[in-house]
Each structure stands twice: as structure tokens, then as C-alpha cells.
Amino acid sequence: MALKDLPADARPREKLLARGAAALSDTELLALLLRTGTAGRGVLHMAEDVLLRFGGLAGLLHAGSEELRKVHGLGGPAKRSELIAVLELARRAVSEQLRAREVFGSPDAVKNYLQLHLARRAHEVFAALFLDAQNRLIAMEELFRGTLTQTSVYPREVVLKSLQHHAAAIVLAHNHPSGTVQPSRADEALTQTLKAALALVDVRVLDHVIVAPGQALSMAEKGLI
């Protein structure tokens with residue numbers, strides 16, 4: 001059914017204006033963003049199909065441009081660029097939140113931030129959040145790519161970046177393209193190696209977060225730091 005054929009109080013735009021955004025389902029919110037469907041498929045059905053394909057709104061927000069391009073109705077640049085813009089706005093909003101207050105006052109925000117940046121990468125990426133003395137975010141940097149081992153992640157480079165940012169603490173992070181967030185023995189060994197190296201310059205390792213699409217694990221919460 002086309003949106004114009006729905007009762008006025010059931011149309012997403014009118015519903016949002018009358019009752020607020022919280023009254024809309026994920027499908028309705030996405031339909032508002034997409035605006036139009038495809039031939040023979042209304043925008044609500046298209047939005048529902050897109051959410052099913054990516055496993056819900058969180059999965060969609062982690063999707064990359066190439067993944068979106070493969071979706072029927074998102075092959076053109078207009079709608080796809082709007083979805084990518086929403087993703088970038090989400091990243092920036094969380095980044096502002098982390099810069100404005102103590103990071104571990106909101107551990108879920110840290111996980112969400114890292115998921116937005118790293119979870120959908122096809123290859124492993126090792127990154128770090130550099131924090132000030134109040135544990136507020138100074139910067140995030142992607143430091144290494146590829147298969148991550150103790151020999152491919154260089155402690156010297158992590159130490160130098162920490163000094164460049166005048167960081168008092170650091171949160172380590174990497175993604176698992178396999179989809180599991182369970183730390184390997186190599187992850188645990190790497191964490192301890194970096195912790196020891198950074199301790200020499202008085203930089204504390206507060207956590208090592210492993211992310212995958214739709215999930216994240218804090219090694220600190222598991223008692224592994």
C-alpha cells in the first residue's frame with residue numbers, strides 16, 4: 001500500500017508530527033528517510049525488507065556504501081548517500097558525547113562508537129581512543145590493518161601516538177570480521193604487551209574492546225585487563 005493510501009493518522013510523517021518520533025517503528029522511520037519505494041513495492045515494504053536484510057536498524061547503521069548499493073532501490077546515489085550521511089551523523093553525535101564527558105560514564109556509548117567505526121570492516125583494523133586525564137576523548141586513530149598479531153601491531157607506534165596526543169589513558173579496539181567478539185589468546189597477549197609498553201610512559205590502558213556487527217565485548221568487563 002502506498003503511503004498516500006494509508007489513513008492520515010497512520011502515515012509516518014503525520015504520525016511523527018502528531019505523536020513524536022518515538023511513536024514510530026524502525027520501519028516507519030526508515031520509510032520517512034527513503035521517501036519512495038520501487039515499482040510494485042511501497043516504501044514501507046522496502047524499508048521492512050532493508051531492515052530484514054541487515055538484521056535491524058543497528059545492522060543498517062553499520063552498513064557500508066558497497067553493501068547498500070547491492071540493495072534493490074538503493075543502487076542510485078541519492079538514497080544511498082542519505083543513509084550514509086545518517087551513519088556519519090550518528091558517529092559524530094557519539095563522538096561529541098565522548099568528548100564532552102568522562103568516557104567510562106557511558107561504556108555503552110564507547111561500544112556503539114567503536115561499532116559504528118569498525119564493525120563492518122571486511123578486514124581487521126586496530127584502533128585506539130586517546131583520552132585526557134579526565135578520561136575524555138582526545139582523538140580516535142586507526143593504527144594498523146590486516147591480520148593482527150603481536151608482530152603486526154607495533155607497541156612503539158602506539159606509544160608514539162599516545163605521546164603525540166598527550167594522552168593520559170587509552171582504550172584499545174579492534175574488529176573481528178568473523179563475527180565473534182570472543183578474545184583470542186593472541187588478543188590477550190597483545191593487550192598485556194601494549195599495557196606494559198604504555199606503562200613506561202605513564203599511559204594507562206583502560207580497556208580493549210572487540211567489535212563485530214551487532215555486538216561488542218569489553219575485555220575490562222571480563223577481567224582481562
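**Reading a predicted model: hairpin, aromatic cluster, helix**

Tutor: Start with the turn. E4 and E5 form a hairpin with 2 residues between them. Gly 214 sits in that turn, with a positive phi of about 85°. Keep in mind that this is a predicted model.

Student: How do you know that strands E4 and E5 pair, and in which sense?

Tutor: At least two bridges are needed for a pair. E4 (residues 204-212) and E5 (residues 215-218) have 4 bridges, and the sense is antiparallel. Therefore they count as paired.

Student: Which residue in E5 does Val 209 stand opposite?

Tutor: Ser 218.

Student: How many aromatic pairs are there in the whole structure?

Tutor: The search finds 2. One of them joins Phe 126 and Phe 144.

Student: What makes Phe 126 and Phe 144 a pair, and why is the pair called tilted?

Tutor: The ring centres are 6.0 Å apart, and the limit is 6.5 Å. The planes make 45°. Stacked needs under 30 degrees and edge-to-face over 60, so 45° falls to tilted. Phe 126 is in strand E1 (residues 125-131) and Phe 144 in strand E2 (residues 137-145), 18 residues apart.

Student: Why is the pair of Phe 144 and Tyr 154 called edge-to-face?

Tutor: Its planes are 65° apart, and the cut-off is over 60. The centres are 6.0 Å apart. Phe 144 lies in E2 and Tyr 154 in the loop between E2 and helix H8 (155-164), so this pair ties together parts 10 residues apart in sequence. Phe 126, Phe 144 and Tyr 154 form one aromatic cluster.

Student: Why do the buried residues of H3 line one face?

Tutor: Among the buried ones are Val 43, Ala 47, Val 50 and Phe 54. Residues three or four places apart in an α-helix point the same way, because a turn holds 3.6 residues. Seen down the axis of H3, the buried residues fall within an arc of 160°, so they line one face.

Student: What comes just after H3?

Tutor: Gly 55, with a positive phi of about 75°.

Key
Residues numbered from 1 in each chain as written. Predicted model: local features only at pLDDT ≥ 70, side-chain atom pairs only at ≥ 80, totals over all residues. Heavy atoms only, no water. Buried < 20%, exposed > 50% of the residue type's maximum accessible area, 1.4 Å probe, protein only. Arc of directions from axis to C-beta.
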